Amino acid sequence: MAVDVETVVKIAAYAGGGMAMGFGAIGAAIGEGYTAARANLAISRNPKISGEIFKNMLVGQAVAESASIFALVIAILLLFLDVPVPSLLKASALLAAGISMGFGAIGSGVGSGYPGGEACFGIAKQPEIASQLTTNMLIGSAVCQTPAIFSMVVALMLMFIEFGNAPLYPTWAAYLGAGLSMGLAAIGSGYGGGLAAGASCEGISRHPKTAASVTTIMLVGQAVSQTPSIFGLLISFILMFKSFPESTSLSAAMALLAAGICMGFGGIGPGIGNGMAAEGAVRWVARNVEHAGDLMRIMLVGQAVSQSTAIYAMVVSLVLIFVV
Amino acid sequence: MGELGKLHQLIIPFFGHTITLNLEVIVMTWIVFTMLIILGLFAGRKKKILPGPIQAFGELIVSMLYGLTEDALGKERAKTYGPLVCALFMFLLLSNWLGIIPHLEEPTKDLNTTLGLGIMGFVIAHYAGIKSKGFKAYIKEYFQPIFFMMPLNLIGELAKIVSISFRLFGNIMGGSIIILVVSSLTYSVVLPPFLYAFFGLFVGTIQAFVFTMLTIVYISVQVR
């Protein structure tokens, strides 16, 4: 059976769309379930304000849903995309777009469930500061979405930018690597950012006067947790926009693919670890606000150490791209 | 969606090399400068004990940012770095908000802007570190915990520039790409205003704050 280029592009687009939505559905569902579970607990503690808690649960779940909505947008675009000039390179780019978005939505989806749940529970404990908790929840979950937004950007770039006449070998591997690097690296960062945001909602409900410092340290902690996904973004930009010399040997292509895989998997752990460090710092700033400065410094040093593994992964990826 | 990934560039040949200028970004940056200077002039022109609305707004921002700087760096250093922090935050805030005005684009959408600001923060932080600890102690830090960790510590420091500048760039550019794609899919009906409110105003404010906070934090890690 002979398969022409147009069919291959279609196959890649469908496969990519399926992966984007399939994987993208995992995270948000888990996160929303967690929010609902905490909301149930909250209502059983304080049934009088069940309406308030229910409202907050729905708002939190709506924000947590956004990662999978990004995945849905990418999936639909891939299914109905019109490719003007079909080529094998485009096929690889479309598949990579689906991979990037699918994996990239997992972490943010799970993560942004935490602030929603903790905010519901906090409202049960402190009904007077409900609006403050909702605001903090919205900020926290919006920042959690950043890794998913990065994945979506990489996916859209892979789909719509015309990369010109790059040689098919080894550029196809570079595109797949770009998708894997961004998608996988976004998992840890999204989840880690969620841990920090959840702890901040819990902390504010425990000690509402510390809200300003808690929100500040939450943002810094989340920002540092996102660093591994930013390394993933960097590697995937390099893989997309650097022009590679044509070579038919398989090793050159595999080096580029391996660079993406290395950065992608290497970013998962540091993202979660940084999030845990941020969670601890945020939780304890709320209880001991006089020592916020010390806590923040220790958090940053701890995160820098936990991040070093992401830096090793980035160094290996760069060596694979530029040296091998 | 043809405009994705296209830039207006001025390429000047210069003794065998070429200098590339991103014209739009330069113009937009100057627009932000002008707006900031006008805001500053209005806020500080007629100073009264009972402040007018613009003066009150200016005082609110300045006192909030000075408070944040004092928390991280202490009272003495906040006097040195407070103005920098205020200027940085206001510039980033207006830059990120500029995209909601039709035909104008965020200067922070360009990696050159954010990378420049990131390098500026890095240089200032390390200058502050050398000044407060002395050169010897500063160099010694790179050889912690063992001497052969030096290259990795160095890369770790440089990675800070990458992470701070790509974070802002990725968020702002990501927002504008998403708005562009969604607008062209829905023929600019209904959805784009909400997306502008979310990505332009909300994410823009948060990211400006995060960038500013991280610059302060990098300084505070170096000086102690």
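**Helix packing, core and chain contact**

Leu94(A) touches Val9(A), Ala12(A), Ala13(A), Gly16(A), Leu78(A) and Met159(A), with residues up to four places away in sequence not counted; two residues are in contact if their C-beta atoms, placed from the backbone, lie within 7 Å. The model is predicted: local features need pLDDT of at least 70 and side-chain atom pairs count only at pLDDT 80 or more, while totals for chains, interfaces and linings use all residues. Residues are numbered from 1 along each chain as its sequence is written, and chains are lettered from A and ligands numbered from 1 in the order in which they are written.

Leu94(A) is also among the residues with the most contacts inside the largest nonpolar core, together with Ile74(A), Ala97(A), Met152(A) and Leu158(A). This core has 168 residues, a nonpolar core being a set of buried Ala, Val, Leu, Ile, Met, Phe, Trp, Tyr and Cys residues joined through C-beta atoms within 7 Å. A residue is buried if 20 or more other C-beta atoms, placed from the backbone, lie within 10 Å of its own, exposed if 12 or fewer, and partly exposed in between.

Helix H4 (residues 113-125) of chain A has 13 residues, of which twelve are buried, so H4(A) is largely enclosed by the rest of the structure. Helices are DSSP runs (H or I, at least four residues) numbered from the N terminus. The buried residues of H4(A) pack against H1, H2, helix H3 (88-111), H5 and helix H7 (168-206) of chain A.

Helix H1 (residues 5-45) and helix H2 (residues 50-80) of chain A pack at about 175 degrees, with their axes 7 Å apart. Axes are lines fitted to C-alpha atoms over the stretch in contact, and angles run from 0 to 180 degrees between N-to-C directions. H1(A) is therefore roughly antiparallel to H2(A) (angles over 145 degrees count as roughly antiparallel, under 35 as roughly parallel). The axes of H5(A) and H8(A) come within 10 Å and cross at roughly 10 degrees, which makes H5(A) roughly parallel to H8(A). Residues of this contact include Gln132(A) and Asn136(A) of H5(A) and Thr215(A) and Met218(A) of H8(A).

The contact between the chains takes 28 residues from chain A and 31 residues from chain B. On the side of chain A that touches chain B, H11(A) gives the most, with eight residues. The residues of that side divide into 21 nonpolar, six polar and one charged; Ala, Val, Leu, Ile, Met, Phe, Trp, Tyr, Cys and Pro count as nonpolar, Asp, Glu, Lys and Arg as charged, and the others, Gly among them, as polar.

How values were computed
Helices (H or I, at least four residues) and strands (E, at least two) are DSSP runs, numbered from the N terminus. Angles under 35 degrees count as roughly parallel, over 145 as roughly antiparallel, 65 to 115 as roughly perpendicular and the rest as oblique.
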